[in-house]
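Here are a few friendly notes to read alongside the coordinates. Please keep the model open as you go through them.

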Amino acid sequence: MNEKLILIIEDEKKIIEVIHSYLNKSGYKAFYALTGKDAIELFRLHKFSLVILDLMLPDIPGEEICIRLRKISRVPIIILTAKTEEIDKLYGFKIGADDYIEKPFSPKELLARIDAIFRRSSNEFKPVGNYFSFYKDELVIDNIKRQVKVKGKIINLTPDEYKILITLISYPQKVFSRDEIITHALGNDYTGFDRIIDTHIKNLRKKLEPDPENPKYIFTIYGSGYCFKGEYDQT
Ligand code: CA
């Protein structure tokens, strides 16, 4: 079962109680931290899929926690605060928050926003079809069997390589940054370095490209990322 872990960072016990019971009832597994210090520790111990972050905490300011989390993770962050000025909101997005909710709030609205964030990250880059072939069957990808063939021969890809390939072909010609590839192919809770993508791409090229030094499928766009440009077979 894919139970999503959510971390609530908040020092008001009443608010924690409300969110905590609401999330658990909705099928999420909620944890909470009353201080910034505890939050950072908890964050290192568990694989959270989302963080709800209050800005006014007794020890470390929420803004600083947001910045710290962003340095080590791409986890979605919803900022929860009593501060209502526009400037705070902009600052929140600037330091990497994904959404913002003002107190007092309805737990229902918070839940809707959480669901929306998860929907966004899981559906945005699904390929349109399930069967793709390029250059007269030179490269064939069957997404139902999760099978890749090059010139009729089955090629073994690692699960991460496969997910990256599917993400790239879901939007041909679109340039994906390393961060985007991580978010859409490997998920928000992936914690590795973005340079790992270069290694995966290198291996994918070795497995798929007739001439890995002169790719015809996966192109490097210098300073931006990678892009898939294979020529579809007409069906
Ligand atoms: Ca507070």
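Which strands does helix 1 lie across?

1. Helix 1 (residues 13–25) lies across strand 1 (5–9), strand 2, strand 3 and strand 4, and runs at about 160° to strand 2. Helix 2 (residues 36–45) also packs on the sheet, where it touches strand 1, strand 2 and strand 3; its direction makes about 140° with that of strand 2. Contact here means heavy atoms within 4.5 Å. Axes are lines fitted to C-alpha atoms, for helices over the stretch in contact, with angles from 0 to 180 degrees between N-to-C directions. Helices (H or I, at least four residues) and strands (E, at least two) are DSSP runs numbered from the N terminus.

2. Before going further, a word on the source: this is a predicted model, in which local features need pLDDT of at least 70 and side-chain atom pairs count only at pLDDT 80 or more, while totals for chains, interfaces and linings use all residues. Residues are numbered from 1 along each chain as its sequence is written, and side-chain values use heavy atoms, leaving out hydrogens and water.

3. The sheet is open, with five parallel strands in the order 2-1-3-4-5. Strand 2 (29–33) and strand 5 (99–102) each have a single partner strand, so one side of each has no neighbour in the sheet. From one strand to the next, the twist averages 20°. Two strands pair if DSSP finds at least two bridges between them.

4. Strand 4 deserves a close look. Four bridges join strand 4 (residues 77–81) to strand 3 (residues 50–54); V51 has I77 as its bridge partner, and I52 has I78. Strand 4 also pairs with strand 5 over four bridges, again in the parallel sense, and I78 stands opposite D99 there.

5. Both faces of strand 4 are covered: I77, I79 and T81 are buried on one side, I78 and L80 on the other. Buried means under 20% relative accessible area, exposed over 50% and partly exposed in between, using a 1.4 Å probe and protein chains only. The chain reaches strand 4 from strand 3 through helix 3 (residues 62–72), in a right-handed β-α-β crossover, that is, clockwise from the first strand over the helix to the second when the strands point away from the viewer.

6. Finally, the calcium ion: its protein donors are D11 (OD), D54 (OD) and M56 (O), at 2.2 to 2.4 Å. They follow the spacing D-x42-D-x1-M along the chain. D54 is buried, with a relative accessible area of 1%. Donors are N, O and S atoms within 2.8 Å of the metal (3.2 Å for Na, K and Ca), and water is not among the atoms, so sites may look incomplete.
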